[in-house]
Amino acid sequence: MPREVMEIPNRVEHLAILDPEGQVDSELEPDLSDEFLLELHRWMLLGRRFDERMLRLQRQGRIGTFPPIKGQEAANVGATAVLRESDWMVVAFREAAGELMRGRSMEDLLLYYGGYNEGGFVPEGVNNLPTSIPVGSQTLHAVGLSWGMKYRDKDDVAMVFFGDGATSQGDFHEALNFAGVYKTPVVFVCQNNQWAISLPRAKQTASETLAQKALAHGVPGIQVDGNDVLAVYVAAQEAVDRARAGEGATLIEAVTYRMSVHTTADDPKRYRTDDEVDSWEARDPIRRFQIYLKAKGLLDDETIATLEEEIDQQIREAVERAEAIMSEPVDALQMFDHLYADETPALREQRQELADELQGKEA
Amino acid sequence: MTRMTMVQALNLALTQEMEKDDSVIVLGEDVGLDGGVFRVTDGLLEAYGENRALDTPLGEAGIVGMAIGMAVYGLKPVAEMQFSGFIYQAFHHIEQHAARMRWRSRGRFTVPMVIRAPYAAGVRALEHHSESREAYFAHTPGLKMVIPSGPRNARALLVAAIRDPDPVIFFEPKSIYRAFREEVPDEEEVMEIGRSVIAREGKDLTMVSYGAMMRPTLAAAETLAEEDGVEAEVIDLLTISPLDDTLFTESVRKTGRLVIVHEAHRSFGPGAEIAARVMDKSFWYLEAPIKRVTGFDIVVPLFAREQAYLPDADRVLRAARETLSV
């Protein structure tokens with residue numbers, strides 16, 4: 001019996017289209033309309049400004065702990081942009097720019113991180129699963145959704161987001177494995193932002209890339225510059241096309257960087273250097289996209305300033321609406337709602353118990 | 001009516017629900033080609049194809065996590081855990097998502113899913129195959145926890161579980177999978193989840209049990225009638241959560257005495273909750289301390305000592321007589 005090398009699929013592509021200086025590789029440049037490019041830019045900028053505003057609100061004690069997305073706007077928006085309404089978006093917790101693009105409102109995000117369950121409500125017709133904090137678990141829900149799409153003969157897709165840390169979880173591997181076996185229309189988007197709180201990417205796994213983890217499951221993997229919205233978009237579009245054509249799942253590793261804190265309760269100075277953060281500032285996804293759009297004659301300083309004003313106004317109004325709700329006395333009894341379709345006898349008793357207690361306090 | 005075992009009755013429930021509704025999908029390890037290791041899903045693959053009786057890779061988190069996505073999509077997955085001892089690999093999906101999806105999406109998304117699992121001791125099985133950990137699930141807000149005690153109620157409750165709009169953990173006492181047969185109606189029969197039943201009427205003593213422990217409990221009740229002239233009222237919970245406390249709290253008002261029987265561990269087990277409800281609602285009627293006959297607070301031993309671990313009719317009888325002697 002011979003001992004020989006087995007040829008197994010082991011290829012991972014790396015894709016970058018727009019370099020950190022905003023120079024485009026014209027051979028790889030996607031053919032996108034001016035309107036669409038400006039739309040991508042608008043959502044990225046809104047994501048950034050909203051994030052900054054959330055951080056200030058948190059520091060002022062006006063909302064609770066939240067995980068900023070700063071630096072990951074291209075990964076968020078480039079991937080989400082390929083989805084259509086009937087597709088499903090399955091998020092972790094660092095996808096606010098993408099979620100806004102998909103119809104989650106800024107008020108709801110503010111309410112959610114302001115401690116109001118109301119903010120978890122997803123409007124009818126918006127196929128986004130709510131924020132999923134247990135790392136990596138949501139990957140399997142996307143597989144289930146996509147299994148349903150295949151079973152019902154729809155050409156929709158499920159796109160699921162998670163971070164580099166999630167690739168160490170069993171759920172991530174079970175999800176890729178199940179998706180591989182059933183060939184379901186699902187796109188795995190790993191936002192590799194280099195840090196899982198204090199654990200750097202190099203200590204998360206000995207793999208050279210995260211994209212290659214798909215290969216063992218019979219699923220293709222591609223690594224893209226996650227700060228390059230064009231590269232993310234192109235990879236996501238290819239993955240979605242494959243999924244719609246019945247060719248199954250894809251894993252996209254978007255190499256990006258968490259420019260801010262893990263959550264507002266975190267102090268990154270304990271584990272990473274300012275130099276490292278500065279080196280990634282130079283690779284900012286928004287700055288490079290603006291250079292590109294300016295070179296194409298789609299943006300100039302004046303139009304950017306106008307857009308900034310519009311966005312600022314939009315955010316201000318959303319904060320006002322959310323704070324108006326948060327300034328009202330909270331209806332504590334609402335916490336009993338929506339546990340079951342029909343309230344159980346024990347819950348009815350407990351709801352009454354609290355209602356009586358609250359009434360006693362008022363009297 | 002057909003006389004059948006619990007395995008056959010469960011199979012009937014699955015078959016009839018799959019026949020009516022193409023959103024019902026059975027999935028799990030070996031549920032298709034093999035028909036399930038206990039044959040509960042026998043014949044479903046042949047009848048409904050590999051997309052309806054879905055053999056999955058070996059991964060409990062994968063099965064339950066995927067089933068959650070399927071349920072959110074509008075399907076009605078019936079996921080099988082091959083043994084309840086392996087449900088812990090999926091526990092995080094049950095606790096973090098299945099149980100809360102409706103609540104945290106404020107009613108937008110629901111998880112109408114059933115997780116079936118053979119559970120409990122008494123069949124000389126391997127380690128990790130004999131536990132009774134229903135309390136974990138009964139303790140988790142957002143879940144329902146059902147345990148049938150015979151073929152007929154197993155069938156009627158599984159139908160209800162499949163139709164339930166919320167996630168139901170359905171534990172099947174495997175020691176009575178084939179231990180006895182009952183007449184099961186061929187036509188549709190559904191029992192409401194969240195309702196206990198009186199399995200034997202009596203006036204002198206209340207006994208509360210469920211699952212496989214109903215048999216030793218009822219046997220003890222018969223002995224009490226024959227040897228002691230005592231008529232015990234025996235209540236079969238059928239649903240552990242949401243717990244129906246109406247029958248047993250009323251019964252205790254009549255009898256003044258209560259014995260609770262389950263093979264789950266004693267501390268923090270369902271018996272503790274039952275006793276607390278009785279203290280809340282029927283305390284002034286009690287004539288004697290409440291007794292619990294339960295599994296001990298140890299890891300379920302390998303099968304050489306299994307029978308010593310499990311409550312039996314003698315143990316129930318002793319507890320009942322102690323209660324009656326006060």
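1. In what order do the seven strands of the open sheet in chain B lie? In this predicted model, the order is 3-2-4-5-7-6-12, and the pairing along the sheet is mixed. Strand 3 (53-55) and strand 12 (239-241) of chain B are the edge strands, each pairing on one side only. On average, and with direction ignored, neighbouring strands of this sheet are turned by 20° against each other.

2. Within this sheet, strand 4 (residues 76-80) and strand 5 (residues 114-119) of chain B pair in the parallel sense over three bridges, and Ala79(B) stands opposite Ile115(B) in strand 5 of chain B. Helix 3 (residues 60-72) of chain B packs on the sheet, where it touches strand 2 (24-28), strand 4 and strand 5 of chain B, and its direction makes about 170° with that of strand 4 of chain B. Helix 7 (residues 151-163) of chain B also packs on the sheet, and its direction makes about 160° with that of strand 7 (168-173) of chain B.

3. Turning to chain A, there are twelve helices and eight strands, and buried residues make up 48% of its 363 residues. A compact globule with 363 residues would have a radius of gyration near 21 Å, so the 22 Å of chain A agrees with that expectation.

4. The contact between the chains takes 31 residues from chain A and 34 residues from chain B. Helix 5 (138-151), helix 6 (170-182) and helix 12 (345-362) of chain A each supply at least two residues of the side that touches chain B, with the largest share, nine residues, coming from helix 5 of chain A. By class, this side of chain A has 18 nonpolar, ten polar and three charged residues.

Terms used: Residues are numbered from 1 along each chain as its sequence is written. Chains are lettered from A and ligands numbered from 1 in the order in which they are written. This is a predicted model: local features need pLDDT of at least 70, side-chain atom pairs count only at pLDDT 80 or more; totals for chains, interfaces and linings use all residues. Two residues are in contact if their C-beta atoms, placed from the backbone, lie within 7 Å. Helices (H or I, at least four residues) and strands (E, at least two) are DSSP runs, numbered from the N terminus. Ala, Val, Leu, Ile, Met, Phe, Trp, Tyr, Cys and Pro count as nonpolar, Asp, Glu, Lys and Arg as charged, and the others, Gly among them, as polar. The radius of gyration is taken over C-alpha atoms; the globule rule is 2.2 Å times the number of residues to the power 0.38. A residue is buried if 20 or more other C-beta atoms lie within 10 Å of its own, exposed if 12 or fewer, and partly exposed in between; C-beta atoms are placed from the backbone. Two strands pair if DSSP finds at least two bridges between them. Axes are lines fitted to C-alpha atoms, for helices over the stretch in contact, and angles run from 0 to 180 degrees between N-to-C directions.
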